[in-house]
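User: I am new to this protein. Please walk me through its side-chain contacts.
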Amino acid sequence: MLRCSARSLRARAIAAGTAAAARRYSAPVVSDGLDTRLDMLTVEEQVWQIVHPSSHARIQRCREAASPRSSGGRQGQADARKKLSAHSQLDGLYERARAAGRLTRADYAAFLEGYNEMRDARSCVAVLRAMRESGERPGEAQFAMVLKSAADQRRAAVIFEVGEEMQLAGVEDAGSNYVTFFNNLLACLGGCGQIEHAYAVYLEMLERRLTPQRAGCHALVVGLGQVDEVELALEVLRESLGRGVAFGSETYLGLLSSASKRMHHAAYRFCYEQLTTVFEAQVTEGDYLGGLDVAARSGDIALASDVVRRLKALGYPLREPHFEPLFDALVMRHQWGAALRVLSTMREVGYGRTQATLRTLVRQLAADAERTVALCGDVFVEVAEAAARGELPRVADAVTLNALLAGLAQAGHVESAAKQLDVWFSRLAIRRNVDSYVAVLSGCLERRNKTVAEVLLAKLVDDDRLVPTQEIYELMVHLSLAQHSYEDAFVYLETMKADGMAPSWRVYAAIVRRCARVRDPRAQTAIREMRHLGYAVTPQLLEYVRSHSRPPRPAPAADQPPSAAPAEPSLLDILDAEVFTL
C-alpha cells in the first residue's frame, strides 16, 4: 500500500501550480472548531468550511463527549453555541458577498445548501429571492430542497413563499408542486398529532385561496375530533365539502365517534346521516349507544327512533340502555303519550320498574316551576285515560305516580303534592307506599315546610298503616333541625334508636353542627354516640365546633362557695380531649 504524507501532497500540488489545491490540502489553523483563514478561500469553500466542521473539530468533540467530566446538558449547550456561531458567520459572509456583488450561481447554491443544513428555511427563501432579483434562475431541485426543509420545520408560510418564487421564476408546474407539498405537510401534521400546526396551515391555505386535498383534510378533521374540538372539526368538514373535497366513510366514522363522546348533537347528526344515507356504512354498537345518549340529551326523537330501529334490524337484543334514551328524548319534547308507550314496552320485557328510569321525567317536570302543576296534570290525564281504555296496564302504577309527586315537590309545590297524594292514588285505585311519602317529604325538606311533613307522617302511620323507614325518620330529623326550635329532632332521633335503627353519620354531623351554632351542650352527647357507633369524628367537624365554642366566663372568687362541686367540663375541654385522642 502506498503511503504519502500531507507534506508530499502539498509539494506535488504546489509543483503542479494549483494554488487552490495547495490551500485545500494545507492544514488549517483551527480556533473553536472554525477555520481562521476563510478569506483565502472562495465563497463556496468558505460556506463549506463554516457549515461542515473540520476533522480536527469533529475529533475534539468526540474527545469532549467521551470525557468523564462532560455531561449531556453541557455538551448540548456547547453544540448549540457552536451552531449559533456558525449561523452568524454564514449570515455575515452572505451579507459581505452580496455587498461585494460577486455572487455566482454556484455561490447561491452553496448558501442554499448551507442554510438548509442549519434548518433555516426562511433564509433559504431569502437566497432564492436574491437569485431571482440578480437574474439567476433557481432549479427545480433547489426549490424541492427548500420545500422539504420548510415541511420538516412545519413552516406553512415559508411553503407558500417558495411557491410564489417558483411561479415568479417560471418553473413549470410550479403551482401544483408546492400545493401538493403543502397537502403532504397538512396530512403529516394531522397524522402525527400536531393539530394546532395543521390547523394553522389550513387557515393559511384558505387565506391564499387554495383548496386542500382529501388526505390533509381527513387528518385535520379526525385530529380535531380526537382533541375534543368537535365544533371546529365540523366547521372544517363543511368548509371542505363546500370547496369540493370528497371524503370517505372513515372521516365521518372518526368524527362520529368523537361527537358521541363529547355529546355534540350537530356533529353526530350530520355524520350519522352521511354514513346511513350516502355510504350505507355499518356503525358499531358503541357508536349507536353514544348516539342514543346524544339524542336523549338533545331531545332528538327521530335520531333515537332510527338508532333503535337499526339496532333491532341488526339483531341486537333491545335492553334498557336502548329504550331509556328514547323515553328521555320523548319526555324532553313533552310527547307524553309516546313516552308512556315506550315505558310500557320496557316494562313488558322487565325493565323500567324503578324510580331511576323516570329521573328525566321528574327533572323535566320540575324544570319550570310555573308550569309544573299543569305538566303533571297532563301526564296524569294520559295515564288515567290509558287505564280507562284498558291500555298500558303496566304504566298506571305507584312508580309512575311517585315520579309525578316528586316533580311537584321538587318544584316547590309541596301543598299540591300532598293533595294529589290522595286524589291520584284514589282515582286509579292504587295503594300508596313509603316511596310516595318520601317523594313529598323530600320537597318539604327543601322548602322547610314542617307543617305539611307532620301531616304526611301522621297519614302514613294512621291511614295507610305503614311503618316509617329510616329514610323518613332522617328526613324528619333534618327538617326539624332546619327550624328555629329543633327539639323535635331529638324526638325523632330517639324514636329511630328505639325501633332498632342506627342513625347515619350525616344525621349526627347535622345535629353536632346545629347544636354548636347555639352552643348547645348536647353536641357533646352526639359526639360520644358517634364514637360509640364507630363513626369518624373528622377534624373538619371538630374545627367547626371549636370555632363556635368558647369557654364560660370565670365567676368572681367571692361568689363561689368554698365547698362547691367541681364544674362540669365545657364543650371546648371535651373537644380538646377528642383532638388529643385522634
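Analyst: Start with a definition: a salt bridge is a side-chain nitrogen of Lys or Arg within 4 Å of a carboxyl oxygen of Asp or Glu. This is a predicted model, in which local features need pLDDT of at least 70 and side-chain atom pairs count only at pLDDT 80 or more, while totals for chains, interfaces and linings use all residues. Residues are numbered from 1 along each chain as its sequence is written, and side-chain values use heavy atoms, with hydrogens and water left out.

User: Which residue meets Asp228 in a salt bridge?
Analyst: Asp228 sits in the loop between helix H12 (214-226) and helix H13 (230-242). Helices are DSSP runs (H or I, at least four residues), numbered from the N terminus. The N to O distance is 3.9 Å, and the partner is Arg262.

User: Is Arg347 buried or exposed?
Analyst: Buried means under 20% relative accessible area, exposed over 50%, and partly exposed in between (1.4 Å probe, protein chains only). Arg347 forms a salt bridge with Asp397, with the closest N and O atoms 2.9 Å apart. Asp397 has a relative accessible area of 22%, so Asp397 is partly exposed. Arg347 has a relative accessible area of 1%, so Arg347 is buried.

User: How many residues apart in sequence are the parts tied together by Arg522 and Glu487?
Analyst: Arg522 and Glu487 form a salt bridge, their closest N and O atoms being 2.8 Å apart. Arg522 lies in helix H29 (residues 522-533) and Glu487 in helix H27 (residues 487-498), so the pair ties together parts of the chain whose separation in sequence is 35 residues.

User: Why is the pair of Tyr268 and Tyr272 stacked?
Analyst: Rings of Phe, Tyr and Trp (its six-membered ring) pair if their centres lie within 6.5 Å; planes under 30 degrees apart count as stacked, over 60 as edge-to-face and the rest as tilted. Tyr268 and Tyr272 both lie in helix H15 (residues 265-279), four residues apart. Their ring centres are 6.0 Å apart, and the pair is stacked because the planes are at 15°.

User: Which ring does the charged end of Arg238 sit over?
Analyst: A charge sits over a ring if NZ of Lys or CZ of Arg is within 6 Å of the ring centre and within 35 degrees of the ring normal. For Arg238, the distance to the ring centre is 5.1 Å. The ring belongs to Phe270.

How values were computed. Helices (H or I, at least four residues) and strands (E, at least two) are DSSP runs, numbered from the N terminus.
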